[in-house]
Amino acid sequence: MSSWFLEEVANAQLEVAKQALQKPCDIAPYQYFLQAMELIRPKSGWSFLDAGCGTSGYGLLCAQHYSGLAYTGTDASEFMVCRAEQLYPKGKFEVREFNQNDFGAYDIALVSSVLEYAGTWSALEKVLKSFKRYVILHRMRGTNEPSHTFRELTYCGHSEDFYLWNHKALREFIGRHASLRHELVWEDGMQMTLVVGR
């Protein structure tokens, strides 16, 4: 079983999110998410799906910076959804497997650090074929080597397989299904945030 479904991991992620949200502009994932949102310039009333929301730090950021969005967070882990409701009580949350999301029902979909565990290319293809206006592919772990799986240490000492995307192959794959509007490459060169639009 993936460590993501353990209560201790949900508790650990909640504490990480609480700390990070004290100064979100100092935290790279939050900085790049907000930059992606600035590029999109969402309109009030648009719907927003956080697919694989974890404890919903991005939901709280949306509430603080884009209060007109109708936010929905989904996660396959009941523990994560429970902790998300604690962190962001005004959000709408559902326990849902990643591939059960209807990406076409939302104006913006955020997919952050979840495709690497959710069937990789087939899951990405589903998202790209079905999204409505924009999808933010956030924290995509990239490499200049061929795409491959590796095992890494995650929360609370658990280890599991993770996927690294070849930069060029990822951009070409997106180009076959949608338009890559903007690409934000993180300073360490390993993580990418990509804004994809119709």
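**Ground rules.** I number residues from 1 along each chain as its sequence is written, and I use heavy atoms for side-chain values, leaving out hydrogens and water. Because the model is predicted, local features need pLDDT of at least 70, side-chain atom pairs count only at pLDDT 80 or more, and totals for chains, interfaces and linings use all residues.

**Entry 1: helix H3.** I took helices (H or I, at least four residues) and strands (E, at least two) as DSSP runs, numbered from the N terminus. I called a residue buried under 20% relative accessible area, exposed over 50%, and partly exposed in between (1.4 Å probe, protein chains only). H3 covers residues 57-65. I looked up its buried residues and found Gly57, Tyr58, Gly59, Leu60, Leu61 and Cys62. Next I asked what they pack against, with contact meaning heavy atoms within 4.5 Å. The helices are H2 (28-40) and H4 (78-87). The strands are S1 (47-51), S2 (70-75), S4 (108-112) and S5 (134-143).

**Entry 2: H1 against H4.** Two packed helices are described by the angle between their axes and the distance between the axes. I used axes fitted as lines to C-alpha atoms, for helices over the stretch in contact, with angles from 0 to 180 degrees between N-to-C directions. H1 and H4 pack at about 30°, and their axes are 9 Å apart. That makes H1 roughly parallel to H4. The cut-offs are under 35 degrees for roughly parallel, over 145 for roughly antiparallel and 65 to 115 for roughly perpendicular, with the rest oblique. From H1, I listed Glu7, Val9, Ala10, Asn11, Gln13, Leu14, Ala17 and Lys18. They meet Phe79, Met80, Arg83, Gln86 and Leu87 of H4. By class, this contact has seven nonpolar, three polar and three charged residues. For the classes, Ala, Val, Leu, Ile, Met, Phe, Trp, Tyr, Cys and Pro count as nonpolar, Asp, Glu, Lys and Arg as charged, and the others, Gly among them, as polar.

**Entry 3: salt bridges.** Side chains of opposite charge can pair when their charged atoms come close. My rule was a side-chain nitrogen of Lys or Arg within 4 Å of a carboxyl oxygen of Asp or Glu. The count comes to eight salt bridges.

I checked H1 (residues 7-20) for one of them. Lys18 and Glu15 form a salt bridge there, at 3.7 Å from N to O. The two sit three residues apart, about one turn of the helix. Lys18 is partly exposed at 39%, and Glu15 is partly exposed at 44%.

Then I turned to Glu94. How far from Arg96 are its closest salt-bridge atoms? The closest N and O atoms are 2.0 Å apart. Glu94 also meets Lys92 in a salt bridge, at 3.9 Å from N to O. I therefore noted Lys92, Glu94 and Arg96 as a linked network of salt bridges. Arg96 is buried, with 14% relative accessible area. Glu94 at 25% is partly exposed, and Lys92 at 47% is partly exposed.

**Entry 4: positive phi.** I looked up two arginines. Arg41 has a positive phi of about 55°, although it is not a glycine. Arg41 lies in the loop between H2 and S1. Is Arg41 buried or exposed? At 68% relative accessibility, Arg41 counts as exposed. Arg139 has a positive phi of about 65° and is not a glycine. Arg139 is found in strand S5. At 27%, Arg139 is partly exposed.
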